[in-house]
Amino acid sequence: MDGWLAAALIALAGGGAVAGERDRQPPRQGWGEVVVSRYLESGGNDLLTGGLGAARLADPTPVPVDPADPESLRTAAIFNNYRALVDTSPGGGYGRLYGPLVAPTAADAAGRIYGVEYLTLTADRHGDKVTLMVQIPQGFDPRAACIVTAPSSGSRGVYGAIGTAGEWGLKRNCAVAYTDKGTGTGAHDLARDEVGLLRGQRVDADEAGNRSTFTAPISERQRQRFDTRYPDHFAWKHAHSQTNPEARWGHHVLQSLDFAFYALNRELAAARAAGDAPLLDQDNTLVIASSVSNGGAASLRAAELARPGLIDGVVVSEPNVNPIQDRRFAIQQGDGSKLRQHSRPLYDYLTLVDLYQGCAILAPANQTAPLNLTPPALGENRCNSLRARGLLRATGLVEQAEEAQRIINGYGILPEQNAVAPGYWASYVGQAVAVTYANAYARASVLENLCGFSFAAVGTDPASPTLDRVVPLPESAAATLFATANGIPPTAGVAVVNNDAPDGAVRDLVSASRSTGRQDQNLDGHLCLRSLIVGRPTMALWAGSDRYRRHRLADGIDQILASARLRGTPTILVHGRADALIAPNHSSRPYYALSRLQDGRRSRISYVEVTHAQHLDAFNALPGYDERFIPLHHYFVQAMDLMYAHLTEGDALPPSQVVRTLPRGRDAEGSVPPIELENLPPISLTPAEDARISFDGRTLAIPD
């Protein structure tokens with residue numbers, strides 16, 4: 001063990017391995033008690049794998065969970081979050097191209113990294129309840145101090161970036177500053193009136209009080225009345241906090257850095273007194289803001305807000321960033337037409353896709369798309385309902401599906417995304433985001449059932465086997481939500497429910513519209529979501545789409561727009577061209593161009609676009625995805641390595657470029673071979689001319 005850390009641990013914990021030590025004196029206003037866990041015993045629990053080791057992370061067998069034991073909940077949360085972020089299948093590259101044991105790494109022979117973990121829950125004046133966590137590996141060197149930010153991807157809890165930015169930082173012996181960004185697995189069981197605590201235990205809401213990670217801001221009488229009318233439902237933190245936490249994601253990342261400096265200097269107190277360590281601050285600590293998806297957007301927003309010198313570099317992958325629209329430039333891929341209607345907010349383009357994808361799944365070109373598992377009858381019903389609403393003109397089913405696909409692609413959605421989207425649709429990916437973000441941006445109460453949607457467990461109704469009706473979530477499942485849920489239903493047994501279906505509340509994906517009686521995947525509800533942003537009278541079917549709620553949603557979206565002013569901070573954006581959730585034309589591409597315009601000659605931003613890469617690497621383990629798509633995570637790691645070399649050795653940053661990858665395909669026997677480096681050309685410091693991305697201030701030119 002490193003000498004300074006040994007001295008610090010002896011001073012603070014008597015030399016023993018301790019989990020759950022509490023600091024009863026919160027160090028900052030708004031911080032709750034600080035829980036300090038020390039994972040120091042070789043072969044035991046650890047920071048990166050929850051004591052499981054690298055091999056067990058790759059084993060899909062679920063990890064047993066004891067809901068009364070915070071350490072058991074933590075281990076299962078790490079297991080489930082890690083596997084959700086990267087492909088751990090044998091052929092996907094895990095253990096060879098990335099993972100705890102892939103060099104350079106500070107892990108032991110089993111893939112464990114030991115050290116200290118700080119955890120706290122904060123509350124701010126906006127009402128956000130934000131979990132902060134800092135992991136300090138044993139090998140942390142205070143004289144070469146580094147911190148990596150790891151805000152959670154998606155709506156996940158505080159371990160939601162453990163397999164991406166968290167792993168990279170720990171393997172490099174950097175401290176890692178995590179935050180759930182005010183989202184996470186805050187689930188209020190309205191029937192049982194139970195909520196979650198910081199370390200995952202479920203207790204009565206009154207008993208939890210301010211220690212609750214999320215309690216719906218409603219009165220006891222309102223809760224009881226709602227449960228009587230809509231029994232066995234849940235309020236969810238991201239959707240129903242009524243605070244629009246995304247508006248402050250950047251601030252939450254900066255909070256996590258503040259917490260990291262506090263934790264580091266507390267751990268270093270003994271060594272500093274002995275003259276073996278400095279007081280760490282931004283002047284002597286390397287800080288890289290990073291993460292993927294929503295976490296990547298949060299780190300970009302933090303870099304825009306940070307005081308000069310705090311953040312030294314930024315590396316993000318597939319960021320869900322919504323840049324301010326700037327019509328001074330257009331985007332052109334290859335010889336295609338120029339796109340001027342770029343930089344649409346996620347909610348705008350996602351609700352457009354949300355209308356038409358359920359029909360586009362039937363287009364002939366999509367028939368071989370992997371995981372295109374939505375029953376064709378549901379797709380046919382969606383097409384017919386769109387036609388009846390005047391939203392499609394074609395009369396034949398095939399022609400309607402093809403028209404729906406053209407509408408989607410005409411909105412700046414790349415054709416490369418078409419093969420991915422049917423699988424995402426069947427998995428209810430985009431629909432879930434649309435429902436949650438509508439509630440979040442509009443700051444809607446759970447009581448509103450915005451557009452008829454709510455969250456509840458469902459089960460098969462023997463009388464109607466094609467429908468899934470609301471049932472109580474089993475207590476065993478509710479007790480382990482911290483470990484199993486991803487922060488955005490459907491998750492961990494909780495589904496998105498259509499309360500306005502003709503036959504009562506049922507699972508949304510298979511539900512009928514009240515206006516048509518047709519099982520069309522609830523076109524009515526999704527028209528309502530769309531009307532919240534476009535406001536067309538033909539779509540305004542619900543009280544929830546009135547002018548007041550549209551204004552609230554518009555205000556919420558305005559609050560999350562990114563300025564792209566990075567003030568010369570070295571930055572690398574990585575994005576997959578086939579991303580069917582976060583569209584490159586509305587996120588990374590225009591953010592890069594806008595940042596170049598905002599920062600002018602100071603700009604040091606690079607954009608790397610990777611072909612045959614989609615948003616959810618974990619899908620690459622599934623049939624059809626394995627042969628078509630490569631791990632984008634590999635390029636995130638590579639970009640982090642390049643940034644680290646730039647900041648520590650003065651190496652050049654890579655020019656903006658397209659990396660053309662080679663999918664695995666199938667071999668002569670029809671099997672999908674393991675992915676190799678030959679499939680994954682590196683990000684180049686000297687890319688070929690036909691791979692370079694260029695921007696002249698008017699046109700962002702992306703090579704095919």
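The link of Cys 359 and Cys 383 is right-handed, with 100 degrees about the S-S bond. Their sulfur atoms sit 2.0 Å apart, and a disulfide here is a pair of cysteine sulfur atoms within 2.5 Å. Cys 359 is in helix α11 (residues 346-360) and Cys 383 in helix α12 (residues 376-388), 24 residues apart. Helices (H or I, at least four residues) and strands (E, at least two) are DSSP runs, numbered from the N terminus. Cys 359 has a relative accessible area of 0%, so it is buried. Buried means under 20% relative accessible area, exposed over 50%, and partly exposed in between, with a 1.4 Å probe and protein chains only.

A word on the source: this is a predicted model, where local features need pLDDT of at least 70, side-chain atom pairs count only at pLDDT 80 or more, and totals for chains, interfaces and linings use all residues. Residues are numbered from 1 along each chain as its sequence is written, and side-chain values use heavy atoms, leaving out hydrogens and water.

How many disulfides does the rule give? The count is three.

Another one joins Cys 146 to Cys 174, S to S 2.1 Å. That link is left-handed, at -100 degrees about the S-S bond. Cys 146 is in strand β5 (residues 146-151), and Cys 174 in the loop between α4 (162-171) and β6 (175-179). Both Cys 146 and Cys 174 are buried.

Then there is Cys 451 with Cys 528, S to S 2.0 Å. At -70 degrees about the S-S bond, this link is left-handed. Cys 451 is buried, as is Cys 528.

Counting bonded cysteines along the chain, the pattern is 1-2, 3-4, 5-6.
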